[in-house]
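Subject: Structure handover

Hello,

Below is the structure I said I would pass on. My notes on it follow.

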Amino acid sequence: MSMYSIALSGANANRTSLNVTAQNIANADTVGYSRQQATRSSISGANGLAGVEVSSIRRVADEFLISQLSASNTVLGESDYTASSLSQLENIIGADGFNLSAGLTQFFAGISEATTAPESNVFRQQVLSDGQALTQRFNGLSNAITAQQQQLSNDREMTVSDTNGLLENIATSSKAIMNIKGSGGDTATLEDERDLMISELAKVFTVNVDKDSNGQLQLSMANGQPLLINASVATLSTKSLDGEPYQAALEVNFNGQKFPLGDNIGGELGAMQNAQKNDLQPILASLDAMAEIISKEVNGALADGFDLNGKSGEPLFAYEGGSLTINPLIQANQLAFSSDGALGNGDVLNKISALSSTDFSELGNITLSEAFSAITGKIAIDSRQAQADLASNTGLFNQIQASRDNLSGVNSDEEAANLMTYANAYEANMKVISTANQMFNTIISAF
Amino acid sequence: MRVSDSHLNNIMLTGMSKSNTELSTLLQQMYSGEKITKVSDDPVASVKLLGLEKTQVELDQYINNSEAIKSEFQRYEGHTETIENGLQSANELLLWGLNGTLSDADRSGIVIELEALKETMQATFNAKNGEGSYIFSGTAIDQPPVDSSGTINPAINSETRETAIGDGISMTNNISLEKLDAQAIFDMLDDSIAALKSSPFELTALQGAHDSLLTSLNNVSSTQAYIGSQINHIDRIVDTHSDTELFAQKLEGDLKNLNYDEASLKFDSFVTALEATQKTYAQISSLSLFNQL
């Protein structure tokens with residue numbers, strides 16, 4: 001009798017192994033799937049030999065690699081977002097239509113040209129249209145950057161709400177894993193899914209992950225703000241900042257308590273906060289300072305002068321709320337280029353001309369054109385650095401991903417070989433049963 | 001080492017997407033003819049280019065201003081020549097008048113010519129430019145400098161107008177009546193006419209007027225010399241600016257322009273690498289133990 005049961009246990013074990021192989025082949029392309037292995041051990045009954053059993057189905061996964069992958073996903077998420085936001089910014093800054101340096105040079109060239117005949121209507125019209133073009137460049141650039149601020153702000157709100165959903169899902173999944181583990185069930189698929197979700201969360205910001213063998217999970221932020229403890233899960237929220245319509249502070253709400261988040265939370269969310277605060281905001285501030293100087297200084301020079309009708313000067317520019325405009329009422333003959341009322345006097349023009357080479361303390365003791373060059377240079381260098389960081393972090397991530405895949409991923413040749421081995425072994429066991437049957441018949445026929 | 005299917009796929013995808021990115025950058029460089037596709041490609045060159053563009057626009061403007069002043073001075077040159085010619089004619093007339101043997105009729109003939117000359121002078125000093133502005137009024141360009149009686153309009157001035165023709169170089173672009181001492185010329189003509197008309201003829205007064213004429217002639221000649229020197233000065237400045245601009249353009253080209261030979265070589269090697277990767281991948285992925293089952 002034991003020959004039957006030994007062979008049957010062998011056939012069953014191989015059938016299980018074949019099922020595991022089938023599962024692996026089926027999931028060869030499933031993202032985050034960890035291959036499984038049936039572990040067998042021989043069993044012995046009261047009278048010795050009793051066959052084989054599948055003692056466990058092991059999920060081939062290395063917690064160290066998984067946590068490294070999460071951590072490198074944080075770094076990758078941050079540098080990826082930073083690089084793409086800077087690349088968008090450098091496209092804006094580099095656009096010909098937004099080249100403030102060209103606009104300023106053009107405007108001052110028109111002013112300089114007018115000194116040859118300050119009374120000339122042609123030159124005066126040119127000053128008006130160059131001034132108009134300059135304001136368009138300013139506002140175009142400022143609007144494009146503000147639009148990016150707005151977009152980052154939308155990204156942040158979207159990310160915060162996605163993250164809250166993700167945290168809920170991780171909590172639900174954790175609860176299920178603990179329940180099934182408690183009743184001795186198979187949690188391999190659930191654990192793969194949970195690891196994927198944690199990795200997705202890690203892309204958003206730095207997460208400390210604490211897992212134990214019972215399936216319990218604790219998550220916290222880099223500075224210790226709790227995200228998930230047992231069944232309690234945190235939600236993220238944003239708090240608007242005074243005077244900064246597009247920026248916001250982040251908070252974690254856990255069990256009715258609020259924990260403010262600092263600036264360096266890492267990941268995509270950290271990159272958004274950084275880009276808003278350290279890239280876009282300073283540029284907008286510089287642009288505002290430049291626009292204010294142009295409007296104040298040019299209008300100031302004109303206010304001291306006299307126009308073609310002998311009246312004192314009307315302002316050429318108006319600056320309000322980050323927007324530089326041309327005084328819509330001003331006519332060419334109202335440009336006050338004369339310092340003493342004489343029509344042929346162009347002293348005011350020379351005063352305005354001198355602004356192009358004046359260092360302004362508001363801009364850090366550089367000229368208007370240099371201020372734009374400085375912005376361009378900073379963005380260019382930052383973007384170059386971000387691209388280099390992205391390349392090296394992508395390399396690092398790919399390397400860790402490769403280590404994880406090479407351990408946990410499916411190799412179809414290996415599965416094909418297993419398929420043959422287990423199928424052969426299954427047949428062999430069946431042969432044993434049939435042999436046992438023949439022996440039994442031989443014995444029966446002896447009577 | 002154990003290698004999973006997904007690892008192989010990832011290597012292939014990463015490699016191909018990298019090659020594609022590089023190819024697209026190269027294509028962008030080739031169709032624009034510029035090696036800098038975005039400022040971060042070369043931050044230092046990008047900032048330098050902004051400066052070079054600014055320099056070129058400024059140089060263009062300095063050249064434009066110089067040409068405008070030059071044509072203005074050429075206009076002054078023409079008018080000064082008219083005045084010089086007038087003074088030369090007056091000189092001949094006065095020398096003739098100083099000849100004591102002339103009859104009263106001869107002298108009144110000279111007076112007529114001198115009065116005609118005075119009108120020419122007055123018209124010349126009241127010359128206007130293309131803008132309709134009086135060119136000898138200083139900055140009071142709407143005021144005619146001289147009235148019909150040869151009196152200088154008190155509303156005009158001798159103020160100058162400066163225009164930048166280089167970095168830190170500015171040039172006066174107008175010439176006032178004072179420089180030509182118009183008042184002295186008109187006084188001289190009036191004195192001469194009065195002396196010639198007076199009976200008996202006042203030789204000493206005409207002598208005095210002739211002395212004054214010589215001073216005026218001298219004055220006008222030196223103004224002409226001044227105008228000539230300004231025009232030469234402008235020509236030299238324009239030459240320098242043109243050279244500098246050429247140099248700036250060359251620098252700009254060096255920083256910006258793509259070397260097509262280099263780019264097409266690079267393109268060939270990218271394509272070869274991409275094709276090789278794709279073929280290898282296709283072969284590797286067709287190798288499977290499942291094919292033997």
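To begin inside chain A: setting aside residues within four places in sequence, A:Ile145 is in contact with A:Leu89, A:Ile92, A:Ile93, A:Leu280, A:Ile283, A:Leu284 and A:Leu287. Please keep in mind throughout that this is a predicted model.

A:Ile145 is also one of the residues that touch the most other members of the largest nonpolar core, a set of 83 residues. As background, nonpolar side chains in soluble globular proteins tend to be buried together.

Next, the salt bridges. The search over all chains finds 27 of them. A:Asp195 takes part in a salt bridge with A:Arg59, with 2.7 Å between the closest N and O atoms. This pair links distant parts of the chain, since A:Asp195 sits in helix 5 (residues 188-204) and A:Arg59 in strand 2 (residues 48-59) of chain A, 136 residues apart. A:Asp195 counts as buried because its relative accessibility is 9%, under the 20% limit. A:Arg59 is buried as well, at 14% relative accessible area.

A:Asp195 also meets A:Lys211 in a salt bridge, at 2.5 Å from N to O. Here the partner lies in strand 3 (residues 207-211) of chain A, 16 residues from A:Asp195. A:Lys211 has a relative accessible area of 24% and is therefore partly exposed. A:Asp195, A:Arg59 and A:Lys211 belong to a network of salt bridges that also takes in A:Glu63, A:Lys181, A:Glu191 and A:Asp192.

Another salt bridge joins A:Lys239 and A:Glu251, whose closest N and O atoms are 4.0 Å apart. A:Lys239 is in strand 7 (residues 235-241) and A:Glu251 in strand 8 (residues 244-254) of chain A, so the pair ties together parts that are 12 residues apart in sequence. A:Lys239 is partly exposed, with 48% relative accessible area, whereas A:Glu251 is buried, with 11%.

On the interface: 45 residues of chain B are in contact with 53 residues of chain A. The two chains bury about 3900 Å² between them, and 53% of this is on carbon and sulfur atoms. B:Arg2, B:Leu50 and B:Phe290 supply 17% of the area that chain B buries against chain A, more than any other three residues.

Two salt bridges are found across the interface of chain B and chain A. In one salt bridge, the side chains of B:Arg161 and A:Glu119 meet at 3.5 Å, N to O. Between the two chains, 28 residue pairs are in polar contact. On the side of chain B that touches chain A, helix 1 (5-32), helix 2 (43-98) and strand 1 (162-166) each supply at least two residues. Helix 2 of chain B gives the most, with 12 residues. By class, this side of chain B has 16 nonpolar, 16 polar and 13 charged residues.

A:Ala318 is partly exposed, at 34% relative accessibility. Not counting residues up to four places away in sequence, A:Ala318 touches A:Ser295, A:Ser323, A:Leu324 and A:Thr325. The C-alpha atoms of A:Ala318 and A:Asn19 are separated by 77 Å, and these two residues are 299 residues apart along the chain.

Regards

Definitions and conventions
Residues numbered from 1 in each chain as written. Chains lettered and ligands numbered in written order. Predicted model: local features only at pLDDT ≥ 70, side-chain atom pairs only at ≥ 80, totals over all residues. Heavy atoms only, no water. Contact = heavy atoms within 4.5 Å. Buried area = accessible area lost by both parts, 1.4 Å probe. Polar contact = N/O pair within 3.5 Å; in protein donor to acceptor, adjacent residues only side chain to side chain. Helix = DSSP H or I, 4+ residues; strand = E, 2+ residues; numbered from the N terminus. Nonpolar A, V, L, I, M, F, W, Y, C, P; charged D, E, K, R; others polar. Buried < 20%, exposed > 50% of the residue type's maximum accessible area, 1.4 Å probe, protein only. Core = buried A, V, L, I, M, F, W, Y, C linked by side-chain atoms within 4.5 Å.
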